[in-house]
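This briefing is meant to be read alongside the sequence and the model.

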Amino acid sequence: MHTIWSRINNISALLSSCMMGLFAAIALSSLAQQFFQAPLDPSSVSITSLKVAPGKGKQSKVDHALVQFELDANLTPLFNWNTKQLFVYLDAEYTNSKGVKNSVVIWDRIVRSKSSAKFHVEARQKYAFRDVTGFRDSAATYTLRYNLMPHVGALVYGVAGSTNNSIPFPPLAKNNV
Amino acid sequence: MSDFLQQLGEGKIDFVGQQTVDRISRVWLIGTTIISFIVGFLLQSLPLTMAIFGGSTALMAVLIIPPWPVFNQHPTKWLPVKSVEKKD
């Protein structure tokens with residue numbers, strides 16, 4: 001502490017330890033907040049239209065599923081002081097005719113504020129939903145999941161809602177869409 | 001000239017001043033960590049926590065790092081120079 005430099009050195013050492021403690025406290029406190037919170041109201045996930053058709057162009061040998069869905073979600077309780085954003089995604093889980101389990105994300109959205117955490121979405125899938133072996137004799141369950149990304153701390157995954165029953169895929173549409 | 005510059009660059013303070021600075025820095029930093037966490041948690045605002053923490057640390061740095069005269073009030077009393085007898 002005799003020179004300016006040793007004072008700066010000393011203070012910055014204690015400062016970095018204090019910052020580490022502060023961030024650990026913030027992370028643990030927000031995890032505790034989530035743990036003791038009431039569970040979310042389940043979101044509603046419903047499929048309004050489902051078609052199976054061959055792909056376009058180079059994808060013509062592969063069956064594509066075309067899904068339109070309606071989501072109604074209220075994720076506002078997930079926003080506490082340590083929440084940076086929510087990554088919300090809709091995935092389809094099914095077992096295809098060859099017995100392979102698949103889980104495909106067909107839609108996602110980043111929610112950055114509490115005001116946009118309550119939403120009603122009527123949309124079609126964002127990403128290609130295809131299966132090389134085809135969608136014969138399969139049925140999929142569609143689940144809305146979220147990933148809470150904090151400013152500091154661990155990522156938390158959760159389920160917001162689901163079509164609890166699996167919805168069978170219709171047979172392949174013969175005419176090109 | 002270089003002597004003066006060296007003193008300026010070092011910014012020395014006496015031993016009592018050093019003890020005071022040490023105590024102030026420890027109490028202030030730990031206190032500001034606790035206060036900024038509690039205030040931010042109660043008001044649920046992370047930017048508020050970081051603002052309190054950063055501002056308070058900057059204020060402490062201004063109060064402690066420069067060699068203010070208040071930290072030089074107890075200069076060390078050195079013993080008088082003894083003349084050394086040369087032995088042939």
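**Loops, helix packing and buried positions**

Gln44(B) sits in the loop that links α2 and α3 of chain B, where helices (H or I, at least four residues) and strands (E, at least two) are DSSP runs numbered from the N terminus. The model is predicted, so local features need pLDDT of at least 70 and side-chain atom pairs count only at pLDDT 80 or more, while totals for chains, interfaces and linings use all residues. Residues are numbered from 1 along each chain as its sequence is written, chains are lettered from A and ligands numbered from 1 in the order in which they are written, and side-chain values use heavy atoms, with hydrogens and water left out.

**Backbone features in loops**

- Gln44(B) has a positive phi, near 50°, although the residue is not glycine.
- With a relative accessibility of 30%, Gln44(B) is partly exposed; buried means under 20% relative accessible area, exposed over 50%, and partly exposed in between (1.4 Å probe, protein chains only).
- Asp137(A) is another residue other than glycine with a positive phi, of about 55°.
- Asp137(A) belongs to the loop between β6 (130-131) and β7 of chain A, and at 76% relative accessibility Asp137(A) is exposed.
- For context, most residues other than glycine have a negative phi.
- In chain B, helix α1 (residues 2-10) has zero buried residues out of nine, so the helix lies largely in the open.
- Gly11(B), with a positive phi near 60°, follows α1(B).

**Packing of α2(B) on α3(B)**

- The axes of α2(B) and α3(B) come within 8 Å and cross at roughly 165°; axes are lines fitted to C-alpha atoms, for helices over the stretch in contact, and angles run from 0 to 180 degrees between N-to-C directions.
- The two helices α2(B) and α3(B) are therefore roughly antiparallel (angles under 35 degrees count as roughly parallel, over 145 as roughly antiparallel, 65 to 115 as roughly perpendicular and the rest as oblique).
- Residues making the contact include Trp28(B), Leu29(B), Thr32(B) and Phe37(B) of α2(B), and Ile52(B), Phe53(B), Ser56(B) and Leu63(B) of α3(B); contact means heavy atoms within 4.5 Å.
- By class, this contact of α2(B) with α3(B) has 14 nonpolar, eight polar and no charged residues, where Ala, Val, Leu, Ile, Met, Phe, Trp, Tyr, Cys and Pro count as nonpolar, Asp, Glu, Lys and Arg as charged, and the others, Gly among them, as polar.

**Packing of α1(A) against chain B**

- Helix α1 (residues 4-35) of chain A and helix α2 (residues 15-43) of chain B have axes that come within 10 Å and cross at roughly 20°.
- α1(A) and α2(B) are therefore roughly parallel, and α1(A) passes α2(B) in a right-handed crossing.
- Among the residues making that contact are Leu14(A), Ala25(A) and Gln33(A) of α1(A), and Arg26(B), Ile30(B) and Phe41(B) of α2(B).
- The contact of α1(A) with α2(B) comprises twelve nonpolar, five polar and two charged residues.
- The axes of α1(A) and helix α3 (residues 46-64) of chain B come within 12 Å, crossing at roughly 165°, which makes α1(A) roughly antiparallel to α3(B).
- The contact of α1(A) with α3(B) includes Met19(A) and Phe23(A) from α1(A), and Met50(B) and Met60(B) from α3(B).
- The residues of the contact of α1(A) with α3(B) are twelve nonpolar, two polar and one charged.

**Transmembrane annotation**

- An unreviewed UniProt entry lists residues 27-46 and 52-71 of chain B as "transmembrane region".
- Residues 27-46 of chain B are 90% helix and 0% strand, with end C-alpha atoms 23 Å apart.
- Residues 52-71 of chain B are 65% helix and 0% strand, with end C-alpha atoms 26 Å apart.

**Buried positions**

- Thr32(B), in helix α2 of chain B, is buried at 5% relative accessible area.
- Not counting residues up to four places away in sequence, Thr32(B) touches Ile52(B), Phe53(B) and Ser56(B).
- Ala65(A), in strand β2 (residues 63-74) of chain A, is buried at 0%.
- Leaving aside neighbours within four places in sequence, the contacts of Ala65(A) include Val52(A), Phe129(A) and Phe169(A).
- Thr143(A), in strand β7 (residues 139-150) of chain A, is buried at 6%.

Definitions and conventions. Left-handed = near helix turned anticlockwise from the far one by under 90°. UniProt positions renumbered as here; feature names shortened; annotations may be inferred.
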